[in-house]
Amino acid sequence: METKNLPKKIHILGSVGSGKTTLAKKLASKLEVPYYELDNVVWKRHRAGDIRRSEKEREEYLNTLIDSDAWVIEGVHNEEWVSKSFHNAEVIIFLDTKYAIRNYRILKRFILQKLVLEKSNYTPTLKIFFKMFKWNRRFEEEGKPNFFEKYGMYCNKTIVVTNKKQLEDLFL
């Protein structure tokens, strides 16, 4: 697929460890557009500690991003505050990576972050590490069904991807 035919507004959704950030960076680079992590819409990042944005700040910030001409937005969030992003996206990529693979990636990421071989937006503590497994399970049981129930109206522009081969065939 040629770059000129690729969409310029892409929303990537998936659980922790599904490959959202990796895919977002690759697509944004290929398309020469910015990419944004929804976690950074929720949180103001500071060295002294992250501060959660108010609902109004979060909504205004997200609106600023999605009102631009081109973007790749990625995140696990599929709550109501993200609905405008789904609406404005030309394509929604739902990464449905196998549960066991996501768990492996959570472990691998934690080790690499602790060895300072991989950067993170947060301090990689044991507490966060264990929460990631909990978030991964919650996404599997609640987040995934919730997305398809709430945002099924976008099925015509949603691509469900379960493996790297599908991604390479589509975009990369």
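This is a predicted model: local features need pLDDT of at least 70, side-chain atom pairs count only at pLDDT 80 or more; totals for chains, interfaces and linings use all residues.
Glu-140 is partly exposed, at 25% relative accessible area.

**Salt bridges**

Salt bridges that share partners link Glu-140 with Asp-96, Arg-102 and Lys-144 in one network. Within it, Glu-140 pairs with Lys-144, their closest N and O atoms 3.1 Å apart. Both sit in helix α6, four residues apart, which means about one helical turn separates them. Lys-144 has 16% relative accessibility, so it counts as buried, because buried means under 20%.

The whole count comes to 10 salt bridges. Three of them are set out here.

| Salt bridge | Closest N to O distance |
|---|---|
| Asp-50 and Arg-45 | 2.5 Å |
| Lys-144 and Glu-140 | 3.1 Å |

Lys-56 and Glu-60 share helix α3, which covers residues 55-66. They too are four residues apart, about one turn of the helix. Lys-56 is exposed at 59% relative accessibility. Glu-60, at 43%, is partly exposed. Asp-50 is partly exposed, with a relative accessible area of 30%.

**Aromatic rings**

How many aromatic pairs does the whole structure hold? The search finds 11. In one of them, the ring centres of Phe-94 and Phe-139 lie 5.9 Å apart, with planes at 25°, so the pair is stacked. Phe-94 belongs to strand β6 (residues 91-95) and Phe-139 to helix α6, so this pair ties together parts 45 residues apart in sequence. Both Phe-94 and Phe-139 are buried.

Phe-94 also pairs with Phe-148. Their ring centres are 4.8 Å apart and their planes stand at 50°, so this pair is tilted. Phe-148 lies in helix α6, so the pair joins strand β6 to a part 54 residues away in sequence. Is Phe-94 buried or exposed? At 0% relative accessibility, Phe-94 counts as buried. Phe-148, by contrast, is partly exposed at 37%.

These residues belong to one aromatic cluster: Phe-86, Phe-94, Phe-139, Phe-147, Phe-148, Tyr-151 and Tyr-154.

**Surface patches**

Helix α6 spans residues 126-150 and includes Lys-131. Lys-131 is partly exposed, at 35% relative accessible area. With Lys-127, Lys-134 and Arg-138, Lys-131 makes up a surface patch of positive charge.

A nonpolar surface patch is formed by Leu-107, Ile-111, Leu-115 and Leu-117. Together they have about 400 Å² of accessible area. Leu-115 lies in the loop between α5 (99-114) and α6. Its relative accessibility is 55%, so Leu-115 counts as exposed.

Definitions and conventions. Residues are numbered from 1 along each chain as its sequence is written. Side-chain values use heavy atoms; hydrogens and water are left out. Patches are made of residues with over 30% relative accessible area and no salt bridge: like charges are joined within 9 Å, nonpolar side chains (Val, Leu, Ile, Met, Phe, Trp, Tyr) within 5 Å. Accessible areas come from the Shrake-Rupley method with a 1.4 Å probe; for residues, only the protein chains shown count as cover. A salt bridge is a side-chain nitrogen of Lys or Arg within 4 Å of a carboxyl oxygen of Asp or Glu. Lys and Arg count as positive and Asp and Glu as negative; His and the chain ends are not counted. The place of a charge is taken as NZ of Lys, CZ of Arg, CG of Asp or CD of Glu. Helices (H or I, at least four residues) and strands (E, at least two) are DSSP runs, numbered from the N terminus. Buried means under 20% relative accessible area, exposed over 50%, partly exposed in between (1.4 Å probe, protein chains only). Rings of Phe, Tyr and Trp (its six-membered ring) pair if their centres lie within 6.5 Å; planes under 30 degrees apart count as stacked, over 60 as edge-to-face and the rest as tilted.
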